[in-house]
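The briefing after it is grouped by topic.

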Amino acid sequence: MLNNQILNKKGVCLLWKIKGKFHFQRFLSQNIDRHYDIIIAGGGMVGTTLACTLGKNSILKNKKILLLEAGKEKPWTLPEKYNNRVVSVNPGSQKLLSSINAWNFIEKNRVATVKQLQVWEALSDASITFEQPKNNEPISYIVENDLILAAVAEQAQSCPNLEIQYEAKVKNYQLPDFNADITQLKMENGQNFSCNLLLGCDGVNSTVRKCMHANYISWNYGQMGVVATLQLDQQPGFKNDVAWQRFLPNGPVALLPLTDELSSLVWSTTIQQAKELLELPEERFVEQLNKAIGGTFKKSSLVSQAINSFDNLLRALNCPSTNQATAPTICGMETNSRAAFPLGFGHSSQYIGKGVVLVGDAAHRIHPLAGQGVNLGFGDVNCLNEVLTKAVYSGGGLNDLSYLKEYESERQKHNLPMMIAVEGLHRLTTTTLAPIVLLRGLGLQFSNALVPLKKYLISQASI
Amino acid sequence: MTKFLRKCSNFTFIHLRLQSHSTTIDQQEIEQFKKLAKEWWHEFGSNKPLHSMNKLRVPFVRDGLINEGVVHEQNLKTSTPLKNLSILDVGCGGGILSEPLCRLGANVTGIDANPGIIDVAKKHAEKNHLNINYLFSSIEDHSKCHFEKYDSIVASEILEHVTEKEKFLSACSACLKPLGSIFITTINNTALASFLSIFVAETVLELVPKGIHQPDKFIEPYRLQRMLEDCNLKTKVIHGMFYNVFTNNWHLCSNNSVNYCIHAVKIC
Ligand SMILES: Cc1cc2nc3c(=O)[nH]c(=O)nc-3n(C[C@H](O)[C@H](O)[C@H](O)COP(=O)(O)OP(=O)(O)OC[C@H]3O[C@@H](n4cnc5c(N)ncnc54)[C@H](O)[C@@H]3O)c2cc1C
Ligand SMILES: C[S@@+](CC[C@H](N)C(=O)[O-])C[C@H]1O[C@@H](n2cnc3c(N)ncnc32)[C@H](O)[C@@H]1O
């Protein structure tokens, strides 16, 4: 029975397959170097924040937690220049980071506050301003990825029940089958760990997700996000607290405030144009960008529709719309701050399995046009923390599927509509494909997602 | 001490066989449960509703004890709020409720009239490294050597299998310390309850084994409450419980015409 299971997981368990059952049984009983209650695979922004949140939870105080990150530990010193990778952190995520004491560290270093979001579209002059109803409450905060990571990593150090290993790459995972309750991990350096609950925070190309045989729908946009740090043309008394976004035929371009003089760019466009933009001399690049922000384009009703749906999205986020303002002018850029990242869509119809949970980009990948990627991940962290607290405080095991199921359905209920809205918006603005097709497809996926446990069990039974 | 307990349960065994007519145990009921022993811990098998009921009844017991003020302050926001409390699980079966209570820190004793199922319970606890004292015994025998021993008693989904409920409850009460809490979940004696738990659950959906319930043993909350009072047990709360067969979830509700739970406290 056990052996069948192993043989079926082709590739992943190659070693065991070669050495056969005998070796596997030894592996089970003797070769585990250490056992943990929880192992978190992947120490990106989401994984490290999760580790820290669980580590600081008094109800989980007696649980041994291990965080594994393939990359090197990065000791933090505030760089003079802004890093080109920044995210917009929404108030919910900010609250989470405050609750684990990481926000202090961020504020002590640097963070920009967004009080207004200005969206306008290239094919008409229509523009919409979004601001928070209670005036001084920000819409979001712009923080460098590295700074978030440093802040949560610092707090993670202070959790006595949490162990962190850097340069620790997981080679493969052996998830529990019907009879077993333990998940096993084989590390690149030959070590073996086991745990009751594995939390997959290993990003878009998640190996944990692949081991779960989760049903994953994904596509590439054939687009890249060009990022850079920009210098703004200074008007006297200018306060840079507005995030700007303009819909262009090739994709949206966004300017996120860093300081009164600097903004961060995320320019989504075709791979072809992205490559060209990266190769342009810096002055020419700035010229192109100003044209994109301020230039005029042919009108289309489709895009007006897109604006409407964006309006609806933001209303859902509690940002009522008002009237318009003028776009800033870019006068230069930080040397060598340009880079480009591929953009894609992905959603796993299972977030949980026996002894395993997916969190953050491992479970869902979204277009950056609404700045929601890491915020969805932080929302996952919040919810998973609550669900695990509830499970343990009710005498359940950490891997009790009936509790984990709550995490899955609650997060899918939140993440999917957001992903569909953003995806619909993206399609409306860049393609002529009717969004209905997409919505229908995803709607189907959604109803499927409501019974993932059933599906999972069926798939297990058929092995 | 353990020797003594063993003796106690050996004695019970003989006692049961010789005098089963004078105990609260209905032999015919016990036979019904024997068949379930093998798949007791199958989360989606015949005991599916018992597994999913944990999400409701464990917090019911935990919060009931917290509200009674018997939980120590320093244990409140930890994984073991029930630390140092002794709990007797009467009719524990394979331990579906005993185990989470043990994980919450309680010293749990589980008794059941089915030796085969007690074996299942022992094996499962051992596998999960849980220290639970499982005994094959009837409540009246147990009460003889455990007078006022327990901070709390749980009797979940067993009362509807007992004919002599007064005897059963008074033995429970004897085991309870003064001011101790008893938590009971059971089925109401209404037409709707019979229809749902026998016709729908046993026949139509085949959710639980046929013949597991006999409606004449179901009891109305007000009658149970009166019986409890006769045993010095004062009712604190009654909630209705609603089972959604499609989602396999239990919810608390105000309507107690089908399933319900009671928390009562022993008055001195
Ligand atoms: C251009 C661009 C702009 C964006 N802008 C925004 C924005 O404004 N707002 C926003 O909210 N989001 C934004 N996002 C999305 C955001 O960056 C991601 O959602 C976020 O980084 C996901 O974090 P994560 O921790 O889930 O995954 P990752 O950051 O991918 O982390 C995964 C980690 O797992 C580790 N790992 C992987 N495999 C293994 C293994 N086998 N063993 C050990 N470790 C392993 C990796 O080393 C990595 O550290 C943007 C994305 C892009 C591309
Ligand atoms: C429906 S099961 C409930 C098990 C457990 N309380 C739970 O909820 O998970 C009922 C159990 O009560 C036991 N039982 C029935 N009558 C009993 C009695 N009079 N004394 C002790 N146990 C009894 C049965 O053997 C069976 O294991």
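In chain A, a hairpin of four residues leads from β14(A) into β15(A), where strands (E, at least two residues) and helices (H or I, at least four residues) are DSSP runs numbered from the N terminus. This is a predicted model, in which local features need pLDDT of at least 70 and side-chain atom pairs count only at pLDDT 80 or more, while totals for chains, interfaces and linings use all residues. Residues are numbered from 1 along each chain as its sequence is written, chains are lettered from A and ligands numbered from 1 in the order in which they are written, and side-chain values use heavy atoms, with hydrogens and water left out.

**Strand β15 of chain A and its partners**

- Strand β14 (residues 251-257) of chain A runs antiparallel to β15(A) and is joined to it by five bridges; two strands count as paired if DSSP finds at least two bridges between them.
- Within this pairing, A:Pro257 has A:Ser263 of β15(A) as its bridge partner.
- Strand β12 (residues 216-232) of chain A also pairs with β15(A), in the antiparallel sense and over nine bridges.
- Strand β15 itself (residues 262-270) is mostly covered, with eight of its nine residues buried, where buried means under 20% relative accessible area, exposed over 50%, and partly exposed in between (1.4 Å probe, protein chains only).

**A:Thr229**

- A:Thr229 is placed in strand β12 of chain A, and its bridge partner in β15(A) is A:Ser264.
- Because its relative accessibility is 0%, A:Thr229 counts as buried.
- Leaving aside residues up to four places away in sequence, A:Thr229 touches several residues, among them A:Tyr82, A:Asn84, A:Leu262, A:Met333 and A:Ser337, a contact being heavy atoms within 4.5 Å.

**Strand β1 of chain A**

- Strand β1 (residues 34-41) of chain A is mostly covered, since six of its eight residues are buried.
- Seven bridges pair β1(A) in the parallel sense with strand β11 (residues 192-200) of chain A, and A:Arg34 has A:Phe193 as its bridge partner in β11(A).
- Strand β2 (residues 65-68) of chain A likewise runs parallel to β1(A), to which four bridges join it, and A:Ala41 stands opposite A:Leu68 of β2(A).

**The three-stranded sheet of chain A**

- Three strands of chain A form an open sheet in the order β3-β7-β4, with antiparallel pairing.
- At the edges stand β3 (86-89) and β4 (112-114) of chain A, each with a single partner strand, so one side of each is left without a neighbour in the sheet.
- From one strand to the next, the twist averages 30°; axes are lines fitted to C-alpha atoms, for helices over the stretch in contact, and angles run from 0 to 180 degrees between N-to-C directions.
- Four bridges pair β3(A) in the antiparallel sense with strand β7 (residues 140-144) of chain A, and A:Val87 has A:Val143 as its bridge partner in β7(A).
- Helix α6 (residues 145-157) of chain A packs on this sheet and touches β3 and β7 of chain A, its direction making about 85° with that of β7(A).

**The eight-stranded sheet of chain B**

- In chain B, an open sheet of eight strands has the order β3-β2-β1-β4-β5-β8-β6-β7, with mixed pairing.
- Its edges are β3 (133-136) and β7 (249-253) of chain B, each having a single partner strand, so one side of each is left without a neighbour in the sheet.
- Strand β5 (residues 176-187) and strand β8 (residues 259-266) of chain B pair in the antiparallel sense over seven bridges, with B:Ile182 standing opposite B:Ala264 in β8(B).
- Helix α9 (residues 221-230) of chain B lies across β5, β6 (233-244) and β8 of chain B, and runs at about 150° to β6(B).

**Ligand 2**

- Ligand 2 is surrounded by 18 residues, the closest being B:Arg57, B:Gly91, B:Asp112, B:Ser156 and B:Glu157; a residue is near a molecule or strand if one of its heavy atoms lies within 4 Å of it.
- An oxygen atom of ligand 2 is 2.6 Å from an N or O atom in the side chain of B:Asp112.
- A nitrogen atom of ligand 2 lies 2.9 Å from a backbone N or O atom of B:Ser156.
- Of the 590 Å² of accessible area that ligand 2 has on its own, the protein covers 98%, with accessible areas taken from the Shrake-Rupley method with a 1.4 Å probe and, for residues, only the protein chains shown counting as cover.

How values were computed
A polar contact is a pair of N or O atoms within 3.5 Å; within protein, one must be able to donate a hydrogen and the other to accept it, and residues adjacent in sequence count only if both atoms are side-chain atoms.
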